[in-house]
Amino acid sequence: MVEEARVKTEALQIMGVFHVLPRLVVFDLDYTLWPFYCECRSKREMPSLYKDARGILQAFKEKGVDLAIASRSPAADTAKTFLDKLNITNMFVAKEIFSSWTHKTDHFKKIHSRTGVPYSSMLFFDDEDRNIKEVSKMGVTSILVGNGVNLGALRQGLTEFCENVNTSEKNKQRWIKKFSGNSSSSDKNEKK
Ligand SMILES: [Mg+2]
C-alpha cells in the first residue's frame, strides 16, 4: 500500500513535466498489467498486478486521463473476473477483450468508436512487437514494455507522445503556411 502511494506520487511528478498528456491511455493485460497469461490461470485464483501498475493507473485517473483495455486474450471471462478481484474494473471507460486475427487494430477501432477520442490523442502499452507496429500505424503512440508497465515505460510513453504531438503540430503549421498564399516567406522559414 505504501509502495503503491510512492509509485503514484512519482508517476504524478513525471506527468507534471509534460505540457500535454494523452486523453486516453490503453493497456494490454497479459505481461503488461499482470505477469501471466489469463488462459493459463484458474478464475478462482487471486491475481496480482505488476508492482508499478496500480500506482500508474491511479495517477492517470487523478490527472483526469481516461483508461481503456485492449487484450487479445481468449479467456475474456477470466480476465474480467481478475479485473473485478483486483478492484480496478471501474477505472476503465472501455474494455475490449477478445481474440482476433488482427494485431489489435479491431480493438482500437472499437475503442475509438466508443470513446470518440482520436488515435493521435491515445497512448498504448503492450508487450508484443507486432501489436505495437500495427497500432502505431493507426497514429497511436505505442510503447513496447519489457517487464510490465512501470515508471520507466511511463516516462518513455509520455515523451514519445509529446514528440508526436509536436511533430504533427509542426506539420499542420507547415500546411497552413503553404496554403496561406504567402509561399515565398514560408519557403524561407522552412530553410532555417
Ligand atoms: Mg500481452
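In the predicted model, helix H5, which spans residues 129-137, has Asn131, Ile132 and Val135 as buried residues. Seen down the axis of H5, the buried residues fall within an arc of 100 degrees, so they line one face of the helix. An α-helix has 3.6 residues a turn, so residues three or four places apart point the same way. The face of H5 that is turned away from the buried side carries Asp129, Arg130, Lys133 and Lys137, which are exposed. On the buried side, the packing partners of H5 are H4, strand E4 (122-126) and strand E5 (141-144). Just after H5, Gly139 takes a positive phi of about 105 degrees.

The largest nonpolar core comprises 40 residues, of which Val26, Ile56, Phe124 and Val149 touch the most other members. Helix H2 supplies the largest share of this core, namely five residues. When neighbours within four places in sequence are left aside, the contacts of Phe124 are Val26, Val135, Val140, Thr141, Ser142 and Ile143; of these, Val135 is one of the buried residues of H5, and Val26 is, like Phe124 itself, among the core residues that touch the most other members.

Ala53 lies in helix H2, which covers residues 53-62. Because 23 other C-beta atoms lie within 10 Å, Ala53 counts as buried. Apart from neighbours within four places in sequence, Ala53 is in contact with Leu33, Gly148 and Val149, and Val149 is listed with Val26, Ile56 and Phe124 among the core residues touching the most other members.

Most residues other than glycine have a negative phi. Asn87, however, has a phi near 65 degrees, a positive value in a residue other than glycine, and Lys104, although not a glycine, has a positive phi of about 75 degrees. Asn87 is located in the loop between helix H3 (76-85) and strand E3 (92-97), whereas Lys104 is located in the loop between E3 and helix H4 (105-115).

Notes: Residues are numbered from 1 along each chain as its sequence is written. This is a predicted model: local features need pLDDT of at least 70, side-chain atom pairs count only at pLDDT 80 or more; totals for chains, interfaces and linings use all residues. Helices (H or I, at least four residues) and strands (E, at least two) are DSSP runs, numbered from the N terminus. A residue is buried if 20 or more other C-beta atoms lie within 10 Å of its own, exposed if 12 or fewer, and partly exposed in between; C-beta atoms are placed from the backbone. Two residues are in contact if their C-beta atoms, placed from the backbone, lie within 7 Å. A nonpolar core is a set of buried Ala, Val, Leu, Ile, Met, Phe, Trp, Tyr and Cys residues joined through C-beta atoms within 7 Å. The arc is that of the directions from the helix axis to the C-beta atoms.
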